[in-house]
Amino acid sequence: MDAQRKKGLLDVCVLAALRSQPSYGYRIVRDVSACVAVSESTLYPILRRLETNGFLTTYTQQHNGRQRRYYQITDAGLGRIRAFLDEWDELKRIYTFVKGETP
């Protein structure tokens, strides 16, 4: 898959993993990996970019004697998911056209 396309899809997958509850890095990797391969070294730059763009916030919390960083989706992040779903209908039409099928 094209790297830029995959980057955009990973962003939305990470946001979707946070839609129901805040989470931490390792669990996000596990959740997102159910649909697309992602490593921790790939995830953390995505998380920083999403935070910089206002799509998520972070906080730390004590867990087993250590501080754990949690990520929480914002209203802007939820809006990004909605925008992706709206774009998806257009992408399906393009896919059908490229494949040579009639919509």
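These legends accompany several close-up views of one predicted chain.

View 1. Residues are numbered from 1 along each chain as its sequence is written, and side-chain values use heavy atoms, with hydrogens and water left out. The chain holds four helices and three strands, where helices (H or I, at least four residues) and strands (E, at least two) are DSSP runs numbered from the N terminus. Read from the N terminus, the elements follow the order α-β-α-α-β-β-α, and the C-alpha trace spans about 60 × 25 × 20 Å along its principal axes. Of the 103 residues, 28% count as buried, a term that means under 20% relative accessible area, with exposed meaning over 50% and partly exposed lying in between (1.4 Å probe, protein chains only).

View 2. Helix 3, residues 40-52, has 13 residues and reaches 18 Å from its first C-alpha to its last, close to the 18 Å expected at 1.5 Å a residue; the expected span is 1.5 Å times one less than the number of residues. Its buried residues are Leu43, Ile46, Leu47 and Leu50. These residues cover an arc of only 105° around the axis, which puts them on the same side of helix 3, the arc being that of the directions from the helix axis to the C-beta atoms. The face turned away from this buried side carries the exposed residues Ser41, Arg48 and Thr52. Just after helix 3, Gly54 takes a positive phi of about 85°.

View 3. Three strands form an open sheet in the order 1-3-2, with antiparallel pairing, where two strands pair if DSSP finds at least two bridges between them. Strand 1 and strand 2 (56-63) are the edge strands, each pairing on one side only. Strand 2 and strand 3 (residues 66-73) pair in the antiparallel sense over eight bridges, and Tyr59 has Tyr70 in strand 3 as its bridge partner.

**View 4. The surroundings of Ser23.** Ser23 lies in strand 1 (residues 23-24) and is buried, with a relative accessible area of 2%. Its side chain makes a polar contact with the side chain of Arg27 at 3.3 Å; a polar contact is a pair of N or O atoms within 3.5 Å, and within protein one must be able to donate a hydrogen and the other to accept it, while residues adjacent in sequence count only if both atoms are side-chain atoms. Not counting residues up to four places away in sequence, Ser23 touches Leu18, Ile28, Arg69, Tyr70 and Tyr71, contact meaning heavy atoms within 4.5 Å.

How values were computed: This is a predicted model: local features need pLDDT of at least 70, side-chain atom pairs count only at pLDDT 80 or more; totals for chains, interfaces and linings use all residues.
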